[in-house]
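Here is a short briefing to read alongside the sequence and the 3D view. Have a look at both, and then we will go through the main points together.

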Amino acid sequence: MPLADGNLPLLIPPNPVNQDLDIMRLPTMTLADLTADDEYESGARILVILKGLVFDVTGMKEAFSPRGLFEFYPKNDITYALAKGSVSEVDARVGGESGLTEREKENLERWFTIFKNRFEIIGKTDQVDQGLYSN
């Protein structure tokens with residue numbers, strides 16, 4: 001099931017938690033850190049990686065839980081999937097920006113804006129430490 005392209009709600013007000021955030025001071029996390037707790041019912045946070053940053057998406061638990069629209073996103077680098085407009089399990093496991101078209105990169109930037117304005121950034125990946133993060 002593809003995501004809507006071009007009609008993304010960009011008018012979400014900025015998340016005050018992320019304003020003036022020093023990305024380099026965030027803890028460095030890996031996919032393994034995101035997979036530490038598989039229990040959605042346990043109250044554990046639901047985390048995803050987007051463009052090298054770790055977002056806490058627990059506030060939309062229903063959408064990111066099993067049988068939700070984004071059920072394959074938790075515990076993955078969803079950069080590639082969002083750029084492609086995909087909610088498939090295969091795309092949710094690809095990660096990164098490699099091989100994206102210009103249109104897909106534009107789509108990714110719109111999604112990144114939505115995520116940073118809606119969800120708390122709680123960590124970074126080694127992509128950020130290596131200078132691969134852009135924005």
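In helix 5, the buried residues are Glu104, Asn107, Leu108, Trp111, Phe112, Ile114, Phe115 and Asn117; buried means under 20% relative accessible area, with a 1.4 Å probe and protein chains only. Helices are DSSP runs of H or I with at least four residues, strands are E runs of at least two, and both are numbered from the N terminus. Please keep in mind that this is a predicted model, in which local features need pLDDT of at least 70 and side-chain atom pairs count only at pLDDT 80 or more, while totals for chains, interfaces and linings use all residues. Residues are numbered from 1 along each chain as its sequence is written, and side-chain values use heavy atoms, leaving out hydrogens and water.

**Helix 5**
- The buried residues of helix 5 pack against strand 1, strand 2, helix 2 and helix 3, where contact means heavy atoms within 4.5 Å.
- Helix 5 has 17 residues and spans 24 Å from first to last C-alpha, close to the expected 24 Å (1.5 Å times one less than the number of residues).

- Three strands form an open sheet in the order 1-2-3, with antiparallel pairing; two strands pair if DSSP finds at least two bridges between them.
- Strand 1 and strand 3 (120-124) are at the edges with a single partner strand each, so one side of each has no neighbour in the sheet.
- Strand 1 and strand 2 are joined over four bridges in the antiparallel sense, and Ile49 has Val54 of strand 2 as its bridge partner.
- Helix 5 packs on this sheet and touches strand 1, strand 2 and strand 3.

**Thr79**
- Thr79 is part of helix 3 and, at 1% relative accessibility, counts as buried.
- Leaving out residues up to four places away in sequence, Thr79 touches Ile49, Leu50, Lys51, Gly96, Glu97 and Leu108.

Definitions and conventions:
Axes fitted to C-alpha atoms, helices over the stretch in contact; angles between N-to-C directions. Buried < 20%, exposed > 50% of the residue type's maximum accessible area, 1.4 Å probe, protein only.
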